[in-house]
Amino acid sequence: LLIHGWGMAGKIWDVIEVNLSKYYKLYIVDLPGMGKSDEIEDYTLKNLVKQLHKKLPKEISILGWSLGGIIALKYYETYPKNVTRLFLVATTPCFINKENWNLGVDESLLDKFYDQLAQSWSKTLNQFFMLQLIGSKNRKEIMKKLHSAFITKTPPKIKSLKSALEILKKTDLIEIMDHIRIPTTIIVGENDKLTPIGASLFMQDKIE
């Protein structure tokens, strides 16, 4: 199962789908209101996991990026016997800094994105993508591809973007890190400003 990040869609995995599909059966989703998926009313982490579970085989490995990584962790917490392996890309168990957790970002950053969505969702999404590409040598080229794929061709729904941001703001999965008992691969960019490398090191230390 491949789960994309906020504001994107399953198409983000095109670059690795060709090779992976030679060896595995892939389930590539568009989260509600993104890509080609319709919006849903109950846009909560619990319901996203529940709806995915209805469509998936009994045993599944999950590759999640950012928001997708949070969904992957919640899926494991909810159905631990059904997940065989986790691959967490730019993932943090808690996006927002709070008491006893300083490996996230300030809540005001996501609040800014939320407020700007109504004014210009495309500009907001571009800013979000730019933050993830800091330090990339081919940043402009990647930005053009992201803009074309997820803003021009398959624009997301504003309501769904806001609901997904609420998930990023409210979710705290720190405590489940001590209970993950399956092989887990953690991938993070050293310059990532949204999911600081410290969060990945924390997960690495906690997961057995």
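Start by selecting A90, which counts as buried because its relative accessibility is 7%, under the 20% limit. This is a predicted model. A90 sits in the loop between β3 and α4. Check its backbone: phi of A90 is near 45 degrees, a positive value in a residue other than glycine.

Next, select N100, which also lies in the loop between β3 and α4. Its phi, near 70 degrees, is again positive in a residue that is not glycine. Buried or exposed, what is N100? With a relative accessible area of 77%, N100 is exposed.

Stay in the loop between β3 and α4 and pick L103. L103 is partly exposed, at 24% relative accessible area. Which residues are in contact with L103, leaving aside neighbours within four places in sequence? They are N97, P196, G198, A199 and F202.

**Salt bridges**

Side chains of opposite charge can pair when their charged atoms come close. The model has nine salt bridges by the rule used here. Several are worth a stop.

Select K98 and D172, whose side chains meet in a salt bridge with an N to O distance of 3.5 Å. This pair links distant parts of the chain, 74 residues apart: D172 is in the loop between α6 and β4 (184–187), and K98 is in the loop between β3 (83–89) and α4 (107–132). D172 is partly exposed, with a relative accessible area of 38%, and K98 is partly exposed, also with 38%.

Move to K159 and E41, which form a salt bridge with the closest N and O atoms 3.4 Å apart. K159 belongs to helix α6 (residues 158–170), while E41 is in the loop between α1 (14–20) and α2 (45–55), so the pair ties together parts that are 118 residues apart in sequence. K159 is partly exposed at 44% relative accessible area, whereas E41, at 69%, is exposed.

E77 counts as partly exposed, at 36% relative accessibility.

Finish this part with E107, D111 and K169, which are linked in a network of salt bridges.

**Helix pairs**

Two packed helices are described by the angle between their axes and the distance between the axes.

Display α4 and α6 together. Their axes come within 10 Å and cross at roughly 175 degrees. An angle over 145 degrees counts as roughly antiparallel, and α4 and α6 are therefore roughly antiparallel to each other. To show the contact, select E107, L110, D111, F113, Y114, L117, A118 and W121 of α4 with I158, L161, K162, L165, E166, L168 and K169 of α6. Coloured by class, the residues of this contact divide into 10 nonpolar, no polar and five charged.

Then hide that pair and show α2 with α3. The two pack at an angle of about 70 degrees, with their axes 9 Å apart. That makes α2 roughly perpendicular to α3, because the range for that class is 65 to 115 degrees. In this contact, L45, L48, V49, L52 and H53 of α2 meet I70, I71, K74, Y75 and T78 of α3. By class, the contact has seven nonpolar, two polar and one charged residues.

In soluble globular proteins, nonpolar side chains tend to be buried together.

How many residues are in the largest nonpolar core of this model? There are 67, and W6, I62, I71, Y75, L86 and F129 touch the most other members. Select those six and show their side chains. The largest share of this core, seven residues, comes from α3.

For the last stop, centre on F129. Not counting residues up to four places away in sequence, F129 touches W6, G7, M8, M143, L146, F150 and I151.

How values were computed: Residues are numbered from 1 along each chain as its sequence is written. This is a predicted model: local features need pLDDT of at least 70, side-chain atom pairs count only at pLDDT 80 or more; totals for chains, interfaces and linings use all residues. Side-chain values use heavy atoms; hydrogens and water are left out. A salt bridge is a side-chain nitrogen of Lys or Arg within 4 Å of a carboxyl oxygen of Asp or Glu. Helices (H or I, at least four residues) and strands (E, at least two) are DSSP runs, numbered from the N terminus. Buried means under 20% relative accessible area, exposed over 50%, partly exposed in between (1.4 Å probe, protein chains only). Axes are lines fitted to C-alpha atoms, for helices over the stretch in contact, and angles run from 0 to 180 degrees between N-to-C directions. Angles under 35 degrees count as roughly parallel, over 145 as roughly antiparallel, 65 to 115 as roughly perpendicular and the rest as oblique. Contact means heavy atoms within 4.5 Å. Ala, Val, Leu, Ile, Met, Phe, Trp, Tyr, Cys and Pro count as nonpolar, Asp, Glu, Lys and Arg as charged, and the others, Gly among them, as polar. A nonpolar core is a set of buried Ala, Val, Leu, Ile, Met, Phe, Trp, Tyr and Cys residues joined through side-chain atoms within 4.5 Å.
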